[in-house]
Amino acid sequence: MNEKQEYLFAQPAMHNIRGCFMRHCGTHKLPTDDALVHGSRCILMVEQGFLGLAFDNGQPVLLPLGIHVWTSDTLRYKRDISLDEHMVSLGPYTLITVDEDYAATTQNNGK
């Protein structure tokens, strides 16, 4: 944590931190099934075959494969979604996966 009470994340390596107001708050293993949250800072790892689902002021945010780090008071991680699922409800949206050699038919308010 720095002198402004902001949380900072350090990647695996040796770090030489210059400054007398920096404070080490702890070392944690990066979870593969949940987000690591400290105050308004968050770090999340989305694994192969999954899609991360977060919400920012009620709007869904999709997080692709990889490591995601953000500082936000409103963005909240919800869960991982397996890409094996054919239909996933995302608040007001629906994510549909159509396999190769198939076609899908959808309706929007009866049309």
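This is a predicted model: local features need pLDDT of at least 70, side-chain atom pairs count only at pLDDT 80 or more; totals for chains, interfaces and linings use all residues.
Me: Which residue stands opposite Met87 in S8?
Reply: That would be Ile96. Residues are numbered from 1 along each chain as its sequence is written, and side-chain values use heavy atoms, with hydrogens and water left out.

Me: How many bridges join S7 to S8?
Reply: The general idea is that strands of a sheet pair through backbone hydrogen bonds, either parallel or antiparallel. We call two strands paired if DSSP finds at least two bridges between them. Here, S7 and S8 run antiparallel and are joined by four bridges.

Me: Which residues make up the covered face of strand S7, and which the uncovered one?
Reply: In a regular strand, the side chains alternate between the two faces of the sheet. In strand S7 (residues 87-90), Val88 and Leu90 lie on the covered face, while Met87 and Ser89 are on the uncovered one.

Me: Let's step back. How many helices and strands are in the protein chain?
Reply: Both are DSSP runs numbered from the N terminus: helices are H or I, at least four residues, and strands are E, at least two. This protein chain has zero helices and eight strands. Read from the N terminus on, the elements go β-β-β-β-β-β-β-β.

Me: Why is the protein chain said to be more spread out than a compact globule?
Reply: You compare the radius of gyration, taken over C-alpha atoms, with a globule rule of 2.2 Å times the number of residues to the power 0.38. The protein chain comes out at 19 Å, well over the 13 Å that the rule gives for 111 residues, so it is more spread out than a compact globule. Along the principal axes, its C-alpha atoms fill a box of roughly 65 × 25 × 15 Å.

Me: What is the strand order in the open sheet with S1, S2 and S5?
Reply: The order is S1-S2-S5, and the pairing is antiparallel. Strand S1 (36-38) and strand S5 (66-71) are the edge strands, each pairing on one side only. Neighbouring strands in this sheet are turned by 10 degrees against each other on average, direction ignored. For such angles, lines are fitted to C-alpha atoms and the values run from 0 to 180 degrees between N-to-C directions. Looking at one pair, S1 and strand S2 (residues 41-46) run antiparallel and share three bridges. Val37 has Cys42 as its bridge partner in S2.

Me: And in what order do S3, S4 and S6 come in their open sheet?
Reply: This one goes S4-S3-S6, with antiparallel pairing. Strand S4 (59-63) and strand S6 (75-82) are at the edges with a single partner strand each, so one side of each has no neighbour in the sheet. The twist averages 30 degrees from one strand to the next. Five bridges link strand S3 (residues 50-56) to S4 in the antiparallel sense.

Me: Which residues make up the largest nonpolar core?
Reply: A nonpolar core is a set of buried Ala, Val, Leu, Ile, Met, Phe, Trp, Tyr and Cys residues joined through side-chain atoms within 4.5 Å. Here the largest has nine residues: Ala35, Cys42, Leu44, Val46, Ala54, Leu63, Trp70, Leu75 and Tyr77. S2 and S6 are the elements that give two or more residues to this core, and S2 gives the most, with three. There is also a second, separate core of five residues, including Leu51, Ile81, Val88 and Leu90.

Me: Is Asn57 buried or exposed?
Reply: Buried means under 20% relative accessible area and exposed over 50%, with partly exposed in between (1.4 Å probe, protein chains only). Asn57 has 63% relative accessibility, so it counts as exposed. You'll find Asn57 in the loop between S3 and S4. Its phi is near 55 degrees, a positive value in a residue other than glycine.

Me: Where is Asp101?
Reply: Asp101 sits in the segment after strand S8 (93-96). Its phi, near 70 degrees, is again positive in a residue other than glycine. With a relative accessible area of 76%, Asp101 is exposed. Across the protein chain, buried residues make up 23% of the 111 residues.
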